[in-house]
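Subject: Structure handover

Hello,

Here is the structure I said I would pass on. Please open it and keep it beside you while you read the notes that follow.

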Amino acid sequence: MKVNKNLPTPLYHQVKDYLEEKILLGEWDPGYQLPTEKELSAQFQVSTITVKRAIHDLVNKGILYRQRGKGTFVSRKEDKDIYQLVSLRNEAGEDKHHPHKSLSFKEEEAGVKIGKMLNIHAKATVYKIHRLKLEEDTPVGIEYTYIPSSLFPGLTETMIEDNLFYNVFTNKYGMNLEKAKIFFSTIIADEYEAALLNISKGEQLFVLERFTHTEDQKIIEYSRFIIRQEKSRYYIEIRL
C-alpha cells in the first residue's frame, strides 16, 4: 500500500482515492473501523498530515465519519425523505412522538437580524427557542427557532415539549398556515456544534432555514436547523 511520489497527483488525493475505492468495491463494509491515521501514514509511507487531509475530504463527502475517542468509520447511509425534516406537521392520522431536549427558552427583543427575518421591529419581543432533536436518544440536529411573542401570548416551554410547532400554532392558537419556505446550505461544525452532536470539530453539517407563513402572508416563525449528515442520505421524491 504505497503512493507514487513521481505522479503529479497530490499525495493526499492518491490516499483518498485508494480509501474510497476500498469502500466502493465493498472491501470495507459500512461500520468498518479504519486503521488509525498513524497506522495509515506508515502503510502509505506519507505524513499523518497527508492522511488527515484525505480522511477529512472523505468525511466531508459523507463516505466516512468520526466518533470522538473511538476512531474513523465507513458511513452507513440511511435514506431519509427531506420532507420529514422540514415538515411542520404529522401526516394525517399520525400520532408521533417528537423527542427533543430543550437547551433554552427565552422571551426577549428580536434584535436587528431576527427582526429582519421575521419582518418585525428589532425592539419587538420574540420567543427564542434552542432545542436538540433526538432519534433513539442520539442527537441528530440542533434547532434555533424564533417566534413573535405578540402572536403567541402565553407560550411556554412545556407546550412545545416533544411536540411540533405546527401542532401548537394550529391547535392551541388557531393559526391558519399557508406555506413554509425552506433554504438549504452547509456549514463546518464549530466546537459548540461538535460537542452537542457528539462529532468532531470541522465535520460538514447540513443547514435548513425555514420561514413559516400564514394565509395573510405573515411570517410567524423562523427556524434554523443544523443537522448531522454522516449517517444519512437525503432525497426528495417528486410524484408525476
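Thr-145 counts as buried because its relative accessibility is 1%; buried means under 20% relative accessible area, exposed over 50% and partly exposed in between, with a 1.4 Å probe and protein chains only. The model is a predicted one, in which local features need pLDDT of at least 70 and side-chain atom pairs count only at pLDDT 80 or more, while totals for chains, interfaces and linings use all residues. Residues are numbered from 1 along each chain as its sequence is written, and side-chain values use heavy atoms, with hydrogens and water left out.

Thr-145 sits in strand β6, residues 138-148. Helices (H or I, at least four residues) and strands (E, at least two) are DSSP runs, numbered from the N terminus. Leaving aside residues up to four places away in sequence, Thr-145 touches Tyr-127, Lys-128, Ile-129, Phe-165, Glu-221, Tyr-222 and Ser-223; contact means heavy atoms within 4.5 Å. Ile-129 is 16 residues from Thr-145 along the chain, and their C-alpha atoms are separated by 5.0 Å.

His-213 belongs to strand β8. His-213 has 11% relative accessibility, so it counts as buried. With residues up to four places away in sequence not counted, His-213 touches Leu-177, Glu-178, Lys-179, Lys-181, Lys-218 and Ile-219.

For the protein as a whole, there are 7 helices and 10 strands. It has 240 residues, of which 44% count as buried. Among contacts between residues at least 6 apart in sequence, 57% join residues at least 24 apart.

The rest of these notes concern helix α3. Helix α3 has 13 residues and reaches 18 Å from its first C-alpha to its last, close to the 18 Å expected at 1.5 Å a residue; the expected span is 1.5 Å times one less than the number of residues. Its buried residues are Thr-50, Val-51, Ala-54, Ile-55, Leu-58, Val-59 and Asn-60. What do the buried residues of α3 pack against? They pack against α1, α2 (37-44), β1 (64-67), β2 (71-74), β7 (177-188) and β8 (204-214). Just after α3, Gly-62 takes a positive phi of about 85°.

Two packed helices are described by the angle between their axes and the distance between the axes. Axes are lines fitted to C-alpha atoms, for helices over the stretch in contact, and angles run from 0 to 180 degrees between N-to-C directions. Under 35 degrees counts as roughly parallel, over 145 as roughly antiparallel, 65 to 115 as roughly perpendicular and the rest as oblique.

The axes of α1 (residues 11-24) and α3 (residues 48-60) come within 8 Å and cross at roughly 50°, and α1 and α3 are therefore oblique to each other. On the α1 side the contact is made by Leu-11, Tyr-12, Val-15, Lys-16, Leu-19 and Glu-20, and on the α3 side by Thr-50, Arg-53, Ala-54, Ile-55, Asp-57 and Leu-58.

The axes of α2 and α3 also come within 8 Å, but cross at roughly 110°. These two helices are therefore roughly perpendicular to each other. Glu-37, Lys-38, Leu-40 and Ser-41 of α2 meet Thr-48, Val-51, Lys-52 and Ile-55 of α3 in this contact.

Regards
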